[in-house]
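Reader: I would like to go through this model and the terms used to describe it. Please set each term against its definition.

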Amino acid sequence: MSNFAIETKNLVKRFDGFTLGPIDLCIPRGAIVGYIGQNGAGKSTTIKLLLGLLHKDAGEIRILDEKNPKSMELKDKLGVVFDDLLMPEEMTFTDVEKFCSKVYSKWDKARFHRLREHFHLPEAQMIKHYSRGMRMKLSMAVALSHTAEILILDEATSGLDPIVREEILELLLDFMQDENHTIFVSSHILSDLEKIADYIAFIHNGKILFMEAKDELKENYGICTLSDKDVKNIEETAIIGKRIHAFGQELLVKRDLIPKGIALQKPSIEDIMIYFVKGEKRR
Ligand SMILES: Nc1ncnc2c1ncn2[C@@H]1O[C@H](COP(=O)(O)OP(=O)(O)OP(=O)(O)O)[C@@H](O)[C@H]1O
């Protein structure tokens, strides 16, 4: 059994004017990996390739040692939440329950109803009358009720209020109580990932710039504000990106390449993402 829940090797997808990859991703079992990147960087394309919703042009994908993302076994083991509920609008909660009990071989009806109560979802109302938050809660309830081992979430918390997001983050952490469980989650809400992710994978223009443990990222990089003169004493390879101010420059730097005595602050994931993108021409 591989230590990785999800693995890609040289994964490539070409669209007119955009190429994803080659992408090598290794998502360890038992980890939450946050997938970040600008609009159009390739996050959803990666996720659709993993789920077999798009055909790859080259490379390999393995999920729980399975090469065919559409295998029946994987369908049970993968819980998927997109940024909207992909169910016919005329369905009610009860219809969704009936449908899922046929689709998933290990459907847990009792858990689905416990989640309904937890989320206060009406049973008889049609989905089209659900609010965005209710739709996402229903989607989460489905993903968590078929004994999945991996959850893949694509912008699942976008457009939700902070209270609903917090409820969903709690459920994700609860899901991770089982050490064999894994979550791969794309999000623009970096503060959410800051709270729950073990690793951050950063995609930019279709390429993975890094995948690192979140804590190491914060240890390995630092932010400092220096005068233009002091910046000249720092080697260029230490500087990831900079913002020019009237009084000097704010830099994101590699800590181990910075002379002792310069005060460094811990960056947020947002800082790291912004500096990597804005500073790319200077690296
Ligand atoms: N079916 C498609 N046909 C052609 N181009 C596509 C298709 N799907 C995605 N693309 C292109 O691939 C690129 C990556 O899109 P993708 O949706 O993967 O980005 P993303 O990182 O998920 O962005 P966002 O954060 O805005 O959701 C974009 O340039 C997009 O226009």
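Reader: How many helices and strands does the secondary structure of the protein chain come to?

Author: The chain has 10 helices and 12 strands. Helices here are DSSP runs of H or I with at least four residues, strands are runs of E with at least two, and both are numbered from the N terminus. The model is predicted: local features need pLDDT of at least 70, side-chain atom pairs count only at pLDDT 80 or more, and totals for chains, interfaces and linings use all residues. Residues are numbered from 1 along each chain as its sequence is written.

Reader: What makes E8 and E9 a pair of strands?

Author: Two strands pair if DSSP finds at least two bridges between them. Strand E8 (residues 199-204) and strand E9 (residues 207-213) are joined by six bridges and run antiparallel, so they meet the condition of at least two bridges. Ile 203 stands opposite Ile 208 in E9. The two strands form a hairpin with two residues between them, and Asn 205 in the turn has a positive phi of about 50°.

Reader: Which residues surround the ligand?

Author: They are Phe 15, Phe 18, Gly 37, Asn 39, Gly 40, Ala 41, Gly 42, Lys 43, Ser 44 and Thr 45. A residue is near a molecule if its C-beta atom, placed from the backbone, lies within 6 Å of it. Helix H1 (residues 43-50) gives the most to this shell, with three residues.

Reader: Which residues touch the most other members of the largest nonpolar core?

Author: Ile 150, Ile 152 and Ala 201 do, in a core of 64 residues. Such a core is a set of buried Ala, Val, Leu, Ile, Met, Phe, Trp, Tyr and Cys residues joined through C-beta atoms within 7 Å. Buried means that 20 or more other C-beta atoms lie within 10 Å of the residue's own, with C-beta atoms placed from the backbone; exposed means 12 or fewer, and partly exposed is in between. Helix H5 (residues 132-143) gives the most to this core, with six residues.

Reader: How do you know that this core lies between domain 1 and domain 2?

Author: Domain 1 (4-205) and domain 2 (217-282) both give residues to the core, so it lies between them. The bounds come from an automatic or database domain assignment. The C-alpha centres of the two domains lie 34 Å apart. Their contact takes eight residues from domain 1 and seven residues from domain 2, where contact means C-beta atoms, placed from the backbone, within 7 Å.

Note on methods. Two residues are in contact if their C-beta atoms, placed from the backbone, lie within 7 Å.
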